[in-house]
Amino acid sequence: SASASITVDVTPLPVVTLSASVTAIPAGGTSTLTATSNPAATSFIWRRNGTIVIGATGNTLIVTDSEAGDYTAEAVVGGCAGVSNMITLTVLPANFS
């Protein structure tokens with residue numbers, strides 16, 4: 001009887017971590033979100049409040065005060081996807097004093 005061997009390569013899910021320069025954006029200001037992936041990803045899918053941010057594929061995303069919300073980043077490595085932690089960005093109220 002003949003036997004055959006099969007080699008299976010297992011690609012681990014990417015572990016994606018999201019960080020923000022600030023989570024409370026000053027009025028008129030910005031926050032820079034940075035996504036890192038292990039293993040390293042070449043592109044990311046960013047989501048704001050669950051909706052894909054069109055055109056955002058790099059590992060950083062600059063968010064203005066008018067774009068505050070809940071953000072995640074997804075990385076795909078070798079056909080396997082991993083989603084980051086969620087970061088909520090809010091806007092500091094303008095100082096009228």
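Accessible areas were computed by the Shrake-Rupley method with a 1.4 Å probe, and for residues only the protein chains shown count as cover. On this basis the accessible surface of the protein comes to about 6,100 Å², and carbon and sulfur atoms account for 57% of that surface. The structure is a predicted model, in which local features need pLDDT of at least 70, side-chain atom pairs count only at pLDDT 80 or more, and totals for chains, interfaces and linings use all residues. Residues are numbered from 1 along each chain as its sequence is written, and side-chain values use heavy atoms, with hydrogens and water left out.

The protein contains 0 helices and 9 strands (DSSP runs numbered from the N terminus: H or I of at least four residues for helices, E of at least two for strands). The radius of gyration, taken over C-alpha atoms, is 19 Å, well over the 13 Å that the globule rule (2.2 Å times the number of residues to the power 0.38) gives for 97 residues, so the protein is more spread out than a compact globule. The C-alpha trace spans about 90 × 20 × 20 Å along its principal axes.

Of the 97 residues, 28% are buried (under 20% relative accessible area, 1.4 Å probe, protein chains only). Contact means heavy atoms within 4.5 Å. Leu33 touches, among others, Leu18, Trp46, Tyr71 and Leu89, not counting residues up to four places away in sequence.

Technical notes: Buried means under 20% relative accessible area, exposed over 50%, partly exposed in between (1.4 Å probe, protein chains only).
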